[in-house]
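Trainee: I have a new model open and would like to walk through it. Can we put it on screen?

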Amino acid sequence: MSQALTPGQHALLENALVQKQQRLEQSLQAQLGGQDRVTHAREQLLQDADDAREHDAEREVDLARSDRNLEALREVNEALLRLRSPDYGLCIDCGKGIAFDRLQHSPEVLRCIDCQSALEKSSGSVTHRRI
């Protein structure tokens, strides 16, 4: 039971994904100061700090933030690829159409609400990812 997206809905979702992709790339570049991730990490390690513990904590937060941004960017890029497929918007578990409101809110989701809820219940915890 699929629900096909209209051309207008498809265009809205593509635009939302492209905008999200651009925001994530800009955020990542701003955080890394134009460097690649390895160079940025090396720079962080070499910085002298008065309080080594505080510096370690800041570095961990910085790396965690870039990890989150890279994961979100990967999800958006994969969603842009799926958008070209006739299966985009269909739940990967049950095959039913994902509600357009859900896709509009988070166009990179892979599951309908019911299947995502079941996945979270079976794993014993609620995940913060909307996939």
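Trainee: Is Gln31 buried or exposed?
Mentor: Keep in mind that this is a predicted model. Gln31 is buried, because its relative accessible area is 14% and buried means under 20%.

Trainee: Where is the place of Gln31?
Mentor: Gln31 lies in helix H1.

Trainee: What separates the C-alpha atoms of Gln31 and Ser66?
Mentor: A distance of 7.6 Å. Along the chain, Gln31 and Ser66 are 35 residues apart.

Trainee: Back to the helix. Which residues of H1 are buried?
Mentor: Leu13, Leu17, Gln21, Leu24, Leu28, Gln31 and Leu32.

Trainee: Gln21, then. What is the relative accessible area of Gln21?
Mentor: For Gln21 the value is 18%. That is under 20%, so Gln21 counts as buried. Gln21 is also found in helix H1.

Trainee: Which residues does Gln21 touch, not counting those up to four places away in sequence?
Mentor: Leu73, Val76, Asn77 and Leu80. With Asn77 there is a polar contact, side chain to side chain, at 2.5 Å.

Trainee: New topic. How many residues are in helix H1, and what should they span?
Mentor: Helix H1 has 26 residues, residues 7–32, and at 1.5 Å a residue they should span 38 Å. The end C-alpha atoms are 37 Å apart, which agrees.

Trainee: What follows H1?
Mentor: Gly33 does, and the phi of Gly33 is positive, near 65°.

Methods: Residues numbered from 1 in each chain as written. Predicted model: local features only at pLDDT ≥ 70, side-chain atom pairs only at ≥ 80, totals over all residues. Heavy atoms only, no water. Helix = DSSP H or I, 4+ residues; strand = E, 2+ residues; numbered from the N terminus. Expected span 1.5 Å × (residues − 1). Buried < 20%, exposed > 50% of the residue type's maximum accessible area, 1.4 Å probe, protein only. Polar contact = N/O pair within 3.5 Å; in protein donor to acceptor, adjacent residues only side chain to side chain. Contact = heavy atoms within 4.5 Å.
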